[in-house]
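Here are my notes for you, as someone new to this one. Have the structure open while you read.

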Amino acid sequence: SSGINAEYGNLAKALSNAANATSVKIKLAKKQAACLSIEIAVPISGGTGQRVVTHDVPVSLVPLVHWSEYGDPGMPDINMSIYLPPLRRLKSVLERMRNLSNQVTIKATWSGEMTVSVRSDLVTTKTYFTDLDTPETDDVVDT
């Protein structure tokens, strides 16, 4: 077994087009050398289809015996909890949004605000919930 080592700048540049993508495929390929082949489908303005952009990012394979030399990336411990709005209301919003897109984004803040949004080629819709309670961090149970 092997791991993959890629230069961050090359990978970030290749994925910069993915923000508005309808799909992203990443696969390990062997072209002239090992690379991550990143295929990004982006909608064409005017809604007449999509354009597929492929980026080949060179990578080196890291043998299993060397994996212990690599640590996990440093990430802060984030523990954010928020009480949801009434479930009937949330369900109603999600059912309406389901007709617009197959992907939903949910964002919450420490100040008790939650945003549910969908984006499509034709419309971006957001629903805001405010004054939601956030439990104290001591009240949160890790699962």
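**Notes on the model**

1. Strands β5 (residues 105–108) and β6 (residues 114–119) run antiparallel, joined by four bridges. Strands here are DSSP runs of E, at least two residues, numbered from the N terminus, and two strands pair if DSSP finds at least two bridges between them. K107 has T115 in β6 as its bridge partner. The two strands make a hairpin with five residues between them, and G112 in the turn has a positive phi of about 85°.

2. A word on the source: this is a predicted model, where local features need pLDDT of at least 70 and side-chain atom pairs pLDDT 80 or more, while totals for chains, interfaces and linings use all residues. Residues are numbered from 1 along each chain as its sequence is written, and side-chain values use heavy atoms, leaving out hydrogens and water.

3. Now the largest pocket, which holds about 620 Å³ of space. Its lining has 19 residues, and S101, Q103, V118, R119 and S120 are the closest to the centre. (On a 1 Å grid over the protein atoms alone, a pocket is an open set of points where a 1.4 Å probe fits, with protein on both sides within 12 Å along at least five of seven lines; lining residues have an atom within 4 Å of a point.) β5, β6 and β7 (124–129) each give two or more residues to this lining, with β6 giving the most, four.

4. How many salt bridges does the structure hold? There are three, counting a side-chain nitrogen of Lys or Arg within 4 Å of a carboxyl oxygen of Asp or Glu. In one of them, E39 meets K25 at 3.8 Å, N to O. E39 is in strand β3 (residues 34–43) and K25 in strand β2, so the pair ties together parts 14 residues apart in sequence.

Technical notes. Points joined across faces, edges and corners; volume = space filled by probe spheres on them.
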